[in-house]
Protein chains: 2
Amino acid sequence: MARAKRIEGVLAPVITPFRKDYAPDAERLVRHCRWLLKNGCSGLAVFGTNSEANSMSVPEKRRLLEALIAGGIAPAALMPGTGHCALTDSVELTRAALEMGCAGVLMLPPFYYKNAPDEGLYRNFAEVIERVGDERLQLYLYHIPPVSQVPISLGLIERLLGKYPGIVAGVKDSSGDWSNTKAMLEQFAKSGFDVFAGSEEFLLANMRHGGKGCITATGNINPGPIDNLYRNWRSPDAERQQAAITATRKIVQKQPMIAALKATVAHFGNDPQWKTLRPPLVELNSVQEKDLISELKASGFSMPGLG
Amino acid sequence: MARAKRIEGVLAPVITPFRKDYAPDAERLVRHCRWLLKNGCSGLAVFGTNSEANSMSVPEKRRLLEALIAGGIAPAALMPGTGHCALTDSVELTRAALEMGCAGVLMLPPFYYKNAPDEGLYRNFAEVIERVGDERLQLYLYHIPPVSQVPISLGLIERLLGKYPGIVAGVKDSSGDWSNTKAMLEQFAKSGFDVFAGSEEFLLANMRHGGKGCITATGNINPGPIDNLYRNWRSPDAERQQAAITATRKIVQKQPMIAALKATVAHFGNDPQWKTLRPPLVELNSVQEKDLISELKASGFSMPGLG
């Protein structure tokens, strides 16, 4: 079987709904994924940081992935997060994602041991690739040092890309440091390495330098306008569009991000169960929630067709 | 069934041997555990930081635990690490440890999301305790902010201890900050909360202030002298003993700790396979290894009866 067509454009690290007992809620997840694909997302980076992926076990994630596909979400649109601290967990979920036909996987480095040397991180990714042993694999590296505390260096990318061209397909850069994203673009974009900004704040800059889009938290609630900039980044209106989507993001990130995204979907979709987060994260308090929703409304924000 | 007798004294966060293909090596682990219990350890904190626990999946750890008990290691001596990022993983391994009769469990907080509020960490531990739902549970909190980056605050301990006295049994303080250990002792030792120093460097101080021992990396290679101080902390010789075990530790921690422990066991046990670490960690290079072994030898260090 050939490799899936690479996803480009706007991807949401899809927030995961939980029931009152903190069980993942596959039905609500399928509904939200459908809304996202209909409203601007080209792909779904389920099991990302904003999905509370690391608060779920491998079997829980595997079952959600099966439920998404059974629920009609095209595997060609899926780029699940499959990187864990344990090598064997990363192998298991990556293999499962490939067997289900997912277009790619987004892989965190093992993040418990800080200061792991590049040699050890190289061995981790190489070992996953070798064990999965499937030419269809398209692996996107997930660089998010503010959370993982384990960076993916340019040297590490160079070495992995040299050994596994085609399989090592790109990166999500959530460093928040444009100079790093730019360096990745300059050094690797020509080798077929797809660079996604980790925030729509850098979408226009990323497109201008040869990037492929963004994978962004606020893609969960504002996919239409972000996708519009992605499609029209060469237009004279691009700077204005960039300013508008950045302004929306700024409102949301005044609050803890994942709780804010969930409160937004709960409000605009009229579905309070969405507010639940799995420990160790917690929902917004009532003041935070009121501030968020009133600021969003005042800005003219909407989620058309939700709920 | 009643709760197991609480472990006091010196515990090793037992290093985990891997085969060439990075599979956990249960047979070597049983052998090392036997040596530890014969040479000064009162307990075995398997699946700690120094065990590369977070590089193993829940099923791998469960199988190792079964193999240890099948291999004759008394569950009464076992305090496995069972804290994971995912609530459901922590519940699963904690339940398994209890069913196998382990004396206690040592629990990391969920460590992916940084800045998780105490309320969320409280919910995590409370939810684990409620789901496990077994009065035999003795849970030791694992405070290791230099690695986990998620601290266990005094306020969190107070709240958990108030709600679950007896079940919340103690702490391992690997902050490296004696003033924090002292505060834990002053505030909670009288409530039956057992404080273990996370390094033998603080063993004498911990005993003098009402602590119960230490859970220390170098317990893997130097358990006899550490246990000797634990048993004789009131003796006039205690300060000298403290200086001696601290000096040995200082030699080891010049190198990356886990790799150094494994190189030491490999050398003194004449078993080179012990040198293997699972990615993302790597073995010492030859210079580091030579420096370590020659310094240890020069200091008069030995591992009696190993190999």
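The largest nonpolar core of the predicted model has 193 residues, of which L44(A), M79(A), Y140(A), L44(B), M79(B) and Y140(B) touch the most other members. A nonpolar core is here a set of buried Ala, Val, Leu, Ile, Met, Phe, Trp, Tyr and Cys residues joined through C-beta atoms within 7 Å. A residue is buried if 20 or more other C-beta atoms lie within 10 Å of its own, exposed if 12 or fewer, and partly exposed in between, with C-beta atoms placed from the backbone. In soluble globular proteins, nonpolar side chains tend to be buried together. Apart from residues up to four places away in sequence, L44(B) touches L11(B), A12(B), V14(B), C33(B), L36(B), I73(B), A77(B), L78(B) and M79(B); two residues are in contact if their C-beta atoms, placed from the backbone, lie within 7 Å.

Residues are numbered from 1 along each chain as its sequence is written, and chains are lettered from A and ligands numbered from 1 in the order in which they are written. Since the model is predicted, local features need pLDDT of at least 70 and side-chain atom pairs count only at pLDDT 80 or more, whereas totals for chains, interfaces and linings use all residues. Chain A has an average pLDDT (the predictor's confidence in each residue, from 0 to 100) of 97, and 100% of the residues score at least 70. For the complex, the predictor gives an ipTM of 0.97 and a pTM of 0.97.

Chain A contains 12 helices and 7 strands; helices (H or I, at least four residues) and strands (E, at least two) are DSSP runs, numbered from the N terminus. With a radius of gyration of 18 Å, close to the 19 Å that the globule rule gives for 307 residues, chain A is as compact as a globular protein of that length. The radius is taken over C-alpha atoms, and the rule is 2.2 Å times the number of residues to the power 0.38. Along the principal axes, the C-alpha atoms of chain A fill a box of roughly 50 × 50 × 40 Å. Of the 307 residues in chain A, 55% are buried. Among the contacts in chain A with a separation of 6 or more, 73% are between residues 24 or more positions apart.

The contact between the chains takes 32 residues from chain B and 32 residues from chain A. On the side of chain B that touches chain A, the elements giving two or more residues are helix 3 (87-99) and helix 4 (118-132) of chain B. Helix 4 of chain B provides the largest share of that side, 6 residues. The residues of this side divide into 18 nonpolar, 7 polar and 7 charged, where Ala, Val, Leu, Ile, Met, Phe, Trp, Tyr, Cys and Pro count as nonpolar, Asp, Glu, Lys and Arg as charged, and the others, Gly among them, as polar. Of the interface residues of chain B, 100% are also interface residues in chain A, so the copies meet through the same surface.

Chain B superposes on chain A by a rotation of 180 degrees with 0.0 Å of shift along its axis (RMSD 0.0 Å). This is the relation of a two-fold axis. The C-alpha of chain B nearest the axis belongs to Y112(B), 4.0 Å from it. Superposition is by least squares on the C-alpha atoms of residues with pLDDT of at least 70 in both copies.

Individual residues were also examined. M107(A) lies in strand 3 (residues 105-107) of chain A and is buried, with 26 other C-beta atoms within 10 Å. Beyond its neighbours within four places in sequence, M107(A) contacts T82(A), G83(A), S90(A), L139(A), Y140(A), L141(A) and Y142(A). In chain B, Q138(B) occupies the loop between helix 4 and strand 4 (139-143) and counts as buried, with 21 C-beta neighbours inside 10 Å.

Most residues other than glycine have a negative phi, and most peptide bonds are trans. E52(A), not a glycine, has a positive phi of about 55 degrees; E52(A) is in the loop between strand 2 (43-44) and helix 2 (58-70) of chain A and is buried, with 26 other C-beta atoms within 10 Å. The phi of N115(B), likewise positive, is near 60 degrees, but N115(B) counts as exposed, with 11 C-beta neighbours inside 10 Å. A cis peptide bond runs from P279(A) to P280(A), with omega near 15 degrees, and another joins P279(B) and P280(B), with omega about 15 degrees.
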